[in-house]
Amino acid sequence: MTATATVAVAHPTGPAKPAASSQPTYDSAAAGVVDAFHAALERGDTTAAAEYLSDALVVFEEGEAERSKAEYAGHHLPADAVFAKAVGSHMTRRSGGSGGDLAWVASEGRTQGRYKDRDIDRITTETMVLRRVSGAWKIVHVHWSSKAAMPKP
């Protein structure tokens, strides 16, 4: 995640609403790994957060890429944890699917709070792809996006 003077991005967390009937249902175990990853970030526990990530992780955010767990852990993971711990997020919708040893979880949410003396109000989207390795889901791909929330009239 990138938190700068011009842009602050967060990732949705919290209990998911049921998926709409026109969308596939998500794998609850895979979604549980996504939620556990976010919970670790919110606690500021980067070691626990990294345990949910595959070594072959690829993260897309703000038009940039980090191409391994080591690269993400060495760059944005600590900042993501600081931001997640400081700013509240809630999920508004979740969908996903799975087949064999692959699953995807797509979450939409809103992040609101204060960070580095700035008010944060962002609409967020997140897609995570997970692979089952030795019976456990690991996050292999993350794509985060956000935009400023529209002010209320």
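Biologist: Let's start in the middle. Which residue in E6 is the bridge partner of Glu61?

Modeller: Trp144 is the E6 bridge partner of Glu61. Keep in mind that this is a predicted model.

Biologist: Noted. How do E1 and E6 run, parallel or antiparallel?

Modeller: They run parallel, and 5 bridges join them. On to E2: strand E1 covers residues 53-61 and is joined to E2 by 3 bridges, with the two running antiparallel.

Biologist: Thanks. Let me zoom out for a second. How many helices and strands are there in the protein?

Modeller: There are 4 helices and 6 strands. Along the sequence the pattern reads α-α-β-β-α-α-β-β-β-β.

Biologist: And what share of the contacts comes from residues 24 or more positions apart?

Modeller: Such pairs make up 61% of the contacts with a separation of 6 or more. As for burial, 40% of the 153 residues count as buried.

Biologist: Back to the strands, then. How many residues lie between E5 and E6 in their hairpin?

Modeller: The E5-E6 hairpin has 2 residues between its strands, and Ser134 in the turn has a positive phi of about 50 degrees. The two strands pair in the antiparallel sense over 12 bridges. Arg131, for instance, has Lys138 in E6 as its bridge partner.

Biologist: What about E3 and E4, how many bridges join them?

Modeller: E3 and E4 are joined by 11 bridges and run antiparallel. They form a hairpin too, with 2 residues between them, and the turn includes Gly100, whose phi is positive at about 60 degrees. Ser89 stands opposite Thr111 in E4.

Biologist: At what angle do H1 and H4 pack?

Modeller: The angle is about 80 degrees, with the axes 6 Å apart. That makes H1 roughly perpendicular to H4, because angles from 65 to 115 degrees count that way.

Biologist: Which residues meet there?

Modeller: From H1, Leu41, Glu42 and Arg43 meet Leu77, Asp80, Ala81, Ala84 and Lys85 of H4. The residues of this contact divide into 4 nonpolar, no polar and 4 charged.

Biologist: Which residues of H4 are buried?

Modeller: Leu77, Asp80, Ala81, Phe83 and Ala84 are buried in H4. The buried residues of this helix pack against H1, H2, helix H3 (69-74), E4, E5 and E6.

Biologist: I'd like to hear about spacing on a helix. Why do residues three or four places apart point the same way?

Modeller: An α-helix has 3.6 residues a turn, so residues at that spacing point the same way.

Biologist: Next, the largest nonpolar core. Which members touch the most others?

Modeller: Phe37, Tyr72, Met128, Leu130 and Ile139 do, out of 25 residues in that core. The elements giving it two or more residues are H1, helix H2 (46-51), E1, H4, E4, E5 and E6. The largest share is from H1, with 7 residues.

Biologist: One last residue. Where is Asp121 placed?

Modeller: Asp121 is in strand E5.

Biologist: Why does Asp121 count as partly exposed?

Modeller: Its relative accessibility is 27%, and partly exposed covers values between the 20% limit for buried and the 50% limit for exposed.

Biologist: What is Asp121 in contact with, leaving aside neighbours within four places in sequence?

Modeller: Asp121 is in contact with Arg110, Thr111, Gln112, Lys147, Ala148 and Ala149.

How values were computed
Residues numbered from 1 in each chain as written. Predicted model: local features only at pLDDT ≥ 70, side-chain atom pairs only at ≥ 80, totals over all residues. Heavy atoms only, no water. Pairing = 2+ DSSP bridges. Axes fitted to C-alpha atoms, helices over the stretch in contact; angles between N-to-C directions. Parallel < 35°, antiparallel > 145°, perpendicular 65-115°, else oblique. Contact = heavy atoms within 4.5 Å. Nonpolar A, V, L, I, M, F, W, Y, C, P; charged D, E, K, R; others polar. Core = buried A, V, L, I, M, F, W, Y, C linked by side-chain atoms within 4.5 Å. Buried < 20%, exposed > 50% of the residue type's maximum accessible area, 1.4 Å probe, protein only.
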